[in-house]
Amino acid sequence: MTELEAIRARHSVRAYLEKPIPAELRRQLNDCVEALNRESGLHITIQYDDPAGFDSRLAHYGSFRNVANYIVLAGKKEGDFDFRCGYYGEKLVLFAQTLGLNTCWAALTFNKKKVRELIPEGESLCMVIALGYGETQGRQHKSKDASKVQELAGEAPDWFKQGLEAALLAPTAVNQQKFCFSIEAGEPTVRVKGIGSCTRVDLGIAALHFELGSGRKVKAK
């Protein structure tokens with residue numbers, strides 16, 4: 001499965017099977033985490049066989065069930081920290097999808113006290129991502145019309161349309177999709193459009209999807 005195929009196949013999953021992630025897949029995931037940390041400067045980790053991370057009232061309220069594995073996005077809160085957490089966190093999410101695993105981004109619905117104990121002093125927690133074998137493969141979320149997330153004077157080139165199609169498949173907080181793409185000096189840009197929660201994280205996720213769909217590097221504003 002390619003990353004583009006993973007974009008189309010991946011949907012948020014909150015209920016998981018009581019099925020451990022095999023050792024070989026853990027090795028591949030851990031290798032991916034090491035590479036992403038080197039590139040991003042973040043401190044991404046994966047907790048395996050640790051149901052305490054999603055053992056809370058908020059997690060149950062959010063319909064999470066049998067979450068025993070999860071990704072922790074953390075690091076020094078400097079520069080474009082939230083954007084990088086979204087961008088590189090989604091890279092790991094898509095890689096997990098290629099391995100046949102399911103995921104779900106969580107900004108609030110996890111055991112914050114438990115997870116924060118895992119964060120070294122001087123680092124900040126951004127978000128957590130549930131990981132494992134889903135009871136189902138989830139379902140496609142409703143997306144905005146492409147015209148609502150772009151600002152162009154004329155007809156969009158094909159590469160831009162392909163990038164936008166992939167960006168509209170990006171998971172965002174409460175499906176808000178508060179991002180907007182444009183073209184400046186022949187290259188794509190993206191910015192937050194409107195007010196909402198986790199918008200810079202969402203921007204990083206959408207930027208990655210656009211890059212994979214268009215083959216063009218996106219500049220975040």
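Before the sheet, a note on terms: I call two strands paired if DSSP finds at least two bridges between them. Helices (H or I, at least four residues) and strands (E, at least two) are DSSP runs, numbered from the N terminus.

My model is predicted, so I took local features only at pLDDT of at least 70 and side-chain atom pairs only at pLDDT 80 or more, while totals for chains, interfaces and linings use all residues. Residues count from 1 along each chain as its sequence is written, and side-chain values use heavy atoms, without hydrogens and water.

Entry: the sheet. I found four strands in an open sheet, ordered S5-S6-S7-S8, with mixed pairing. At the edges I noted S5 (150-151) and S8 (219-220), each pairing on one side only. S5 runs parallel to S6 (residues 179-184) over two bridges. I saw Glu151 opposite Ser182 in S6.

Entry: helix H4. Gly100 follows H4 with a positive phi, near 90 degrees.

Entry: Asp202. I located Asp202 in helix H7 (residues 199-214). Asp202 is buried but has no salt bridge, and Lys178, the nearest side chain of opposite charge, is 8.9 Å away. A salt bridge needs a Lys or Arg side-chain nitrogen within 4 Å of an Asp or Glu carboxyl oxygen; Lys and Arg count as positive, Asp and Glu as negative, with His and the chain ends not counted.

Technical notes: Buried < 20%, exposed > 50% of the residue type's maximum accessible area, 1.4 Å probe, protein only.
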